[in-house]
Amino acid sequence: MSQSQSNQLAAVPRWIMIVGSVAIAGHLVAVLAMVLAAQSGPWFTPMGPSSALPPPFAESINEVASPNYLRWIKMTNDYHFASNRPALPAAIFEVRLKDQDGKELAILKFPDGKANFWVRHRQSMLARALADDQPVQPTQGELIPAPGQQVHTVQIWDGEPQHQQLRTVPEHLIPRERPVFRPSEWSLLLAKSYARFLCRTHGAASAEVIRHTRESLSPMIWRGFNPPPESTNDFVAHFGDFKP
């Protein structure tokens with residue numbers, strides 16, 4: 001620091017320096033309290049996935065600082081991102097490319113073990129997005145369409161317990177004796193888009209997307225708990241054939 005700068009700092013009233021230091025310290029305390037007040041997890045416990053509660057002192061400070069200060073300066077992000085998801089099933093998928101006659105040309109598996117880390121990471125994210133199944137609730141009673149109208153239909157996973165295909169059924173024929181699931185609209189869009197991309201890239205007439213998932217195991221297995229036999233098997237789901 002030069003002599004002129006030292007003289008300028010010395011000319012600043014002491015009370016201004018004290019107020020500025022307090023303001024900076026208060027700002028840092030508010031930001032750090034907001035970060036510490038965020039829940040961590042989810043962590044895998046014997047009772048299922050659970051989030052850890054934040055420290056009470058940080059939560060108390062954040063309850064005051066966030067609405068009265070941080071919200072006005074648009075700094076309400078706690079910098080916590082959902083990356084630890086032990087409850088999500090492991091997912092991979094394969095795409096079977098076919099020609100005009102339905103003959104199989106190649107089978108591409110994703111994530112690709114020969115790809116670099118960044119490509120495999122993006123393929124893993126795609127596989128996880130394809131596993132976003134949603135529950136389907138059967139309708140109560142019999143639905144009768146209006147004259148000239150078709151019965152409402154819904155796409156569901158149907159078939160054997162560990163090997164199912166995507167089928168379109170009327171709403172009143174949704175099975176009631178078992179839980180029924182369907183892929184989300186986002187999963188269907190991703191499957192169609194990627195299948196069409198691979199068809200154009202490899203010159204195929206159609207592509208069949210097949211997803212393999214396996215549920216995560218509870219840490220209780222380390223205490224001698226024997227999981228059901230089906231929990232170690234893959235659940236195979238056929239999205240069907242898509243054309244470019």
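## Close-up views of a predicted model

Among contacts (heavy atoms within 4.5 Å) between residues at least 6 apart in sequence, 65% join residues at least 24 apart. This is a predicted model, where local features need pLDDT of at least 70, side-chain atom pairs count only at pLDDT 80 or more, and totals for chains, interfaces and linings use all residues. Residues are numbered from 1 along each chain as its sequence is written, and side-chain values use heavy atoms, with hydrogens and water left out.

**View 1. The protein has five helices and ten strands.** Helices (H or I, at least four residues) and strands (E, at least two) are DSSP runs, numbered from the N terminus. Of the 244 residues in the protein, 27% are buried. Here buried means under 20% relative accessible area, exposed means over 50%, and partly exposed is in between (1.4 Å probe, protein chains only).

**View 2. Six strands make an open, mixed sheet.** Going across, the order is E4-E3-E9-E10-E7-E6. Two strands count as paired if DSSP finds at least two bridges between them. E4 and strand E6 (153-160) are at the edges with a single partner strand each, so one side of each has no neighbour in the sheet. From one strand to the next, the twist averages 30°. The angles come from axes that are lines fitted to C-alpha atoms, for helices over the stretch in contact, and run from 0 to 180 degrees between N-to-C directions.

**View 3. Helices H4 and H5 lie across the strands.** H5 lies across E3, E4, E6, E7, E9 and E10, at about 60° to E10.

**View 4. The largest nonpolar core has 26 residues.** Such a core is a set of buried Ala, Val, Leu, Ile, Met, Phe, Trp, Tyr and Cys residues joined through side-chain atoms within 4.5 Å. Which members touch the most others? They are Phe93, Val95, Leu97, Leu130, Val209 and Phe239. E3, E4, helix H4 (117-130), H5, strand E9 (206-214) and strand E10 (235-242) each give at least two residues to this core. H5 supplies the largest share, with six residues. There's also a second, separate core of six residues, and Val154, Ile156, Val169 and Val180 are among them.

**View 5. Phe239 and Ser187 touch each other.** Leaving out residues up to four places away in sequence, Phe239 touches Leu130, Trp157, Leu166, Pro183, Ser187, Leu188, Ala191, Val209 and Arg211. Ser187 is in helix H5 and is buried, with a relative accessible area of 0%. On the same terms, Ser187 touches Ala129, Leu130, Asp132 and Phe239.

**View 6. Phe93, Phe110, Tyr194 and Phe197 form a cluster of linked ring pairs.** Rings of Phe, Tyr and Trp (its six-membered ring) pair if their centres lie within 6.5 Å; planes under 30 degrees apart are stacked, over 60 edge-to-face, and the rest tilted. The structure holds six aromatic pairs. In one, the ring centres of Phe93 and Phe110 are 5.0 Å apart with planes at 20°, so that pair is stacked. Phe93 is in strand E3 (residues 90-98) and Phe110 in strand E4 (residues 104-110), so the pair ties together parts 17 residues apart in sequence. Both of these phenylalanines, Phe93 and Phe110, are buried. Phe110 also meets Tyr194, with centres 5.4 Å apart and planes at 80°, so this pair is edge-to-face. Since Tyr194 lies in helix H5 (residues 185-202) and Phe110 in E4, the pair links parts 84 residues apart in sequence. Tyr194 is partly exposed, with a relative accessible area of 22%.

**View 7. Ala91 is a buried residue in strand E3.** Its relative accessible area is 16%. Setting aside neighbours within four places in sequence, Ala91 contacts Ala127, Arg128, Ala131, His212 and Thr213. The C-alpha atoms of Ala91 and Ser124 are separated by 7.6 Å, though the two residues are 33 apart along the chain.
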